[in-house]
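Here is a short briefing on one protein model. Keep the sequence and the 3D view side by side as you read.

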Amino acid sequence: MRLSSVIVKVILPLVLGGAILYWMYRDFDFGSIRHVLFNEMNWMWMLLSFPFGILAQAFRGWRWRQTLEPIGEKPRNSVSVYSVFISYAASLVVPRVGEFTRCGVLKRYDGVSFSKALGTVVTERAIDSLVVAGFSGLTLLLQLNIFNVFFDRTGTSVESVLSRFSLMGYFVTAVCGLSALVLLHFLLKKLSIYNKVKATLGGIWQGVISLKNVKNVPLFILFTFGIWASYFLHYYLTFFCFDFTSHLGLGCAMVTFVVGSIAVLVPTPNGAGPWHFAVKTMLILYGVTDQNALYFVLIVHTVQTMLVILMGVYAWVAVSFLSVKEVKGS
């Protein structure tokens with residue numbers, strides 16, 4: 001891996017996340033965390049949230065197997081789930097690398113085409129984006145007043161951003177983008193790796209269009225609902241761990257879940273930094289004190305990240321007992 005690639009993929013995300021966390025916790029009394037953890041926090045609710053965190057990733061593994069079947073790939077359910085567990089843990093080290101990691105695991109143990117698997121990951125992300133957009137829209141309508149307060153306090157204005165673009169601006173941007181793609185096409189044709197790149201892109205496209213051939217669409221929808229319902233419950237149940245959030249209700253949980261889901265798009269390990277800031281800001285708007293909001297985001301994010309690590313380690317150990325010979329004979 002080149003130095004520039006290491007800087008972009010590893011060092012910058014760590015610096016960005018670390019800078020945000022330092023700014024948020026620069027005056028924080030970390031010694032008080034011990035008292036909260038052992039005297040004020042109800043660990044029963046945290047433990048009850050764990051099965052939903054595990055189920056969310058298991059549902060994702062089972063759904064992924066469904067998208068692979070129409071293109072002739074049939075990995076085992078266990079390997080599909082293990083690969084997802086490992087991918088989330090890997091993304092804690094290098095953001096977004098997990099998508100490639102899980103494709104590599106399937107290729108290693110079940111002989112699944114890497115490019116086809118990567119294409120189905122693209123399909124999954126497209127579906128998940130639609131789900132998040134729909135959930136965000138519903139939450140925005142139900143909690144519009146809170147979002148208005150958030151935009152006012154942070155100085156964010158969608159209208160001010162959009163007003164900077166004109167119709168001609170959109171047209172010029174589209175033309176430039178199209179021109180860049182055409183130029184890239186002709187440059188690749190001049191290179192010896194063109195055919196390899198073309199074959200890889202063909203495999204990705206085959207994976208993308210596989211969704212229309214999924215055999216059991218209702219089951220696919222059920223898995224998709226299960227993924228996001230589990231994610232939400234994994235998060236929502238943590239509200240009851242603390243007296244200062246247990247009374248906030250479903251509306252607050254929906255709002256903070258949405259802004260947290262959007263914040264993790266920033267490429268830092270498990271959204272560390274952006275997630276803390278976004279969720280903490282929204283909790284304050286619901287009347288939680290600054291200190292208590294910091295307790296919540298620090299403890300919840302840390303504990304749930306530890307769960308991701310444990311699941312990844314477990315999956316890595318479990319999948320290591322599978323040999324290629326055993327898989328081929330299955």
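V319 touches Y82, I86, V105 and Y109, leaving aside residues up to four places away in sequence. V319 itself sits in helix 14. The model is a predicted one.

- V319 has a relative accessible area of 2%, so it counts as buried.
- The chain brings V319 and S83 to a C-alpha separation of 8.4 Å. Along the sequence, these two residues are 236 apart.
- I86 is one of the residues that V319 touches. I86 is also among the contacts of T101.

**T101 in helix 5**

- T101 has its place in helix 5.
- Is T101 buried or partly exposed? T101 is partly exposed, because its relative accessible area is 23% and buried means under 20%.
- T101 touches I86, S87 and A90, again leaving aside residues up to four places away in sequence.
- From T101 to V84 the C-alpha distance is 8.6 Å. The two residues are 17 apart in sequence.

**The whole protein**

- The protein has 15 helices and 0 strands.
- It holds 330 residues, and buried residues make up 44% of them.
- Take the contacts between residues at least 6 apart in sequence. Of these, 74% join residues at least 24 apart.
- The accessible surface comes to about 18,200 Å². Carbon and sulfur atoms account for 70% of that surface.

- D29 is in the loop between helix 1 (3–25) and helix 2 (31–40).
- D29 is partly exposed, with a relative accessible area of 46%.
- In sequence, D29 and Q291 are 262 residues apart. In space, their C-alpha atoms are 9.4 Å apart.

**Salt bridges**

- Side chains of opposite charge can pair when their charged atoms come close.
- How many salt bridges does the count come to? The count comes to 10 salt bridges.
- D128 and R63 form one of them, at 3.2 Å from N to O. D128 lies in helix 6 and R63 in helix 3, so this pair ties together parts that are 65 residues apart in sequence.
- D128 counts as buried, at 3% relative accessibility. R63 counts as buried too, at 0%.
- R76 and D110 form another, at 3.8 Å from N to O. R76 is in the loop between helix 3 and helix 4, while D110 is in helix 5, so the pair ties together parts 34 residues apart in sequence.
- R76 counts as partly exposed, at 23% relative accessibility. D110 counts as buried, at 16%.
- E99 and R102 also form a salt bridge, with their closest N and O atoms 3.3 Å apart. Both residues lie in helix 5, 3 residues apart, which is about one turn of the helix.
- Salt bridges link R60, R63, E99, R102, E124, R125 and D128 in a network.

**The largest pocket**

- The largest pocket holds about 1,100 Å³ of space.
- Which residues lie closest to its centre? Of the 35 lining residues, the closest are Y88, W228, Y231, V264 and N270.
- Several helices give two or more residues to the lining, including helix 3 (43–68), helix 4 (77–90), helix 5 (98–110) and helix 6 (114–142). Also among them are helix 11 (217–236), helix 12 (249–263) and helix 13 (274–285).
- Helix 14 gives the most to the lining, with 5 residues.

- M306, I309, V313, W316, V317 and F321 make a nonpolar surface patch of about 630 Å².
- V317 lies in helix 14 (residues 290–320).
- V317 is partly exposed, with a relative accessible area of 35%. V319, in contrast, counts as buried.

How values were computed
Residues are numbered from 1 along each chain as its sequence is written. This is a predicted model: local features need pLDDT of at least 70, side-chain atom pairs count only at pLDDT 80 or more; totals for chains, interfaces and linings use all residues. Side-chain values use heavy atoms; hydrogens and water are left out. Helices (H or I, at least four residues) and strands (E, at least two) are DSSP runs, numbered from the N terminus. Buried means under 20% relative accessible area, exposed over 50%, partly exposed in between (1.4 Å probe, protein chains only). Contact means heavy atoms within 4.5 Å. Accessible areas come from the Shrake-Rupley method with a 1.4 Å probe; for residues, only the protein chains shown count as cover. Patches are made of residues with over 30% relative accessible area and no salt bridge: like charges are joined within 9 Å, nonpolar side chains (Val, Leu, Ile, Met, Phe, Trp, Tyr) within 5 Å. A salt bridge is a side-chain nitrogen of Lys or Arg within 4 Å of a carboxyl oxygen of Asp or Glu. On a 1 Å grid over the protein atoms alone, a cavity is a set of points where a 1.4 Å probe fits but cannot get out, and a pocket is an open set with protein on both sides within 12 Å along at least five of seven lines; lining residues have an atom within 4 Å of a point. Grid points are joined across faces, edges and corners, and a volume is the space filled by probe spheres set on the points.
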